[in-house]
Amino acid sequence: MFSKRYLLLVGLLAAFFVPSAFAQESPQPAQTSTTTPAPTSSMQWSNRDMTYRGKNYDPLDSSYYPKGKRSKQFSRYMNHQEFFPPKPRNKWEIGAGFGLYNVLGNIPSVLFGQYGISGLHVHVRKSLGYIFSLRTQFVYGASRNMDSQPTASFDGPYTKYGYVPTYYQPTTGQQPTTIYRYTRTETIQLNLDMVFNAYNINFHQATNKISIFGYVGLGALAYKTRVNALDGRYQPYNFGSIVTNPNDKPGKIRKALRKGMDKTFENDADNPAKPSKMVKGKYLDFAPSIGAGVAYKINKTWNVQVENRYTFTNDKYFGGSAFGPALGGNVTSGRAGSSNYFSIGLNYNIGLKKKAVEPLYWINPLDHAYSELSYPRHMVLPNPVLPDEDLDGVTDQFDKCPKTPAGVAVDEHGCPRDTDGDGVPDYKDKQHITPTECQPVDADGVGKCPCPDDCKNMDSDDDNTSRNRKCGNINSSTLLFNNNNNISKGMEAQLDILAKQMQANPDCKVVILGSGSGSKPRLQHSWEHVNAVIEYMMDKKGIGRDRFIFKYGQEGDENIVTYRPADRNEQGDSNVPPPHPEIKN
């Protein structure tokens, strides 16, 4: 019996000192054909609000994940190759408390220990996930046990001091002695508990102040019971003089016993098992237990809890006697003892090294999912397509002239250009540049001043004004990249229209203008996007590079590129070296 208990204790201690064996993350499955592929550039928003609005922790913060498998899972998740973010690094919980310890054995326990606090505990707890956690707890308890009815069935040490049990009568003929047994059981208990939490997953709020949990445990229980069998002069008690009315209420009988008996427990209770040398003469038993509790969170670091643990033993001598309590003069058979520990404790969440969230049994795992539904940051969404009915490059929402004829150059408001501001758009203006002093003009845009000497040649193909009017047939528009240099399908459609317009106007140049300034990476990305557009037009559409004016580094988002027809006499290089080629996209 001793060797089995010793092996069980060694196994329990080994499990306690290597808790990582229980918490080891399960290996990631191999990638299969069901893995979600990385989305193309057309399935991303380039500028979405990345502010975390949840109440627990930001799953997109890489500092919460340790290196190794979880770090790799985070990378796959951010690349949309995995649906679920990894489990974050979370804190340990340490706690201490006190309570009421009672032995439920063959001698009735004195409720509440008779003298106030009768148990103390400390514990360490580590979350395995959002529901399960492991906890190791050390409990010290002391219980007083006292009969409330007289009994003639008892064992040692009473039999050594002249008390005669009822089972002596057939052999000795002696009259049995009725006594009131009074014992004190002292225990130390080391438990390993599997705790399951039942209240952190909530569909209607992000966090909870309450945690409801239950647990099953396995532990080593060391105990020793002593008996108050002799008075202060080390003589047997005369129980007849202490309890004058054996039929009185149990409370009054116990009050009389506490008053008439001393407070020393001078003898060890009988127990046929051998004490263990490992625990200084106490008896050692393998003791499973169950329990439940409720914790209240003060803040993300502190919480208080109330719980109750019920422990089973295999020893009917646990409370000090193998005989059960007397019931109406009849002696009940003995049973294996158990204990109950009702406690209140204060717990502290501690992070050992790096950035960590509070224990997962306090975190609602639905917080991230609901945050993504309300404020998408990681969700795969198509690029927004804004309607532009007249295809002038200004969306209908901001277009002040929604019915612009096809091919007419427009300003930033979507209205046909009016270079000289005479109220007649350029595509209808027969006098393209009318001086202010010559205005107002007629319906053809011609002013009141005499025709200048060169106005006869204004319709000549070699005249700059005529050239500028022809270039107005090339539309202005905006291209939206997605944090890379790829030309999307939508951009290909836009550039196809631009190529046809440039082929129809071979004397016109186009300005390709990239946004992005303020830092070296932004400048480099701005250059790369402009260069990608020009190279696409050269390779796919056969437009010479010399027909483009290369500009980059303008204010704005580096993922935005605009193009427009070059103004009259506008100059610029078509081949510009990269500003920071050492920066890779």
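Is C415 buried or exposed, and what is its relative accessible area? In this predicted model, local features need pLDDT of at least 70 and side-chain atom pairs count only at pLDDT 80 or more, while totals for chains, interfaces and linings use all residues. Residues are numbered from 1 along each chain as its sequence is written, and side-chain values use heavy atoms, with hydrogens and water left out.

C415 is buried, with a relative accessible area of 16%; buried means under 20%, exposed over 50% and partly exposed in between (1.4 Å probe, protein chains only). C401, at 23%, is partly exposed. The structure holds 1 disulfide, a term used for a pair of cysteine sulfur atoms within 2.5 Å. This disulfide joins C401 to C415, with an S to S distance of 2.0 Å. The torsion about the S-S bond is about 85 degrees, so the disulfide is right-handed. Both cysteines lie in the loop between α7 (366–374) and α8 (464–471), 14 residues apart. Helices are DSSP runs of H or I with at least four residues, strands are runs of E with at least two, and both are numbered from the N terminus.

Q524 is found in helix α10 (residues 520–541). The residue is buried, with a relative accessible area of 3%. Beyond residues up to four places away in sequence, Q524 touches P578, P579, H580, P581 and I583, where contact means heavy atoms within 4.5 Å.

L346 lies in strand β11 and counts as partly exposed at 40% relative accessibility.
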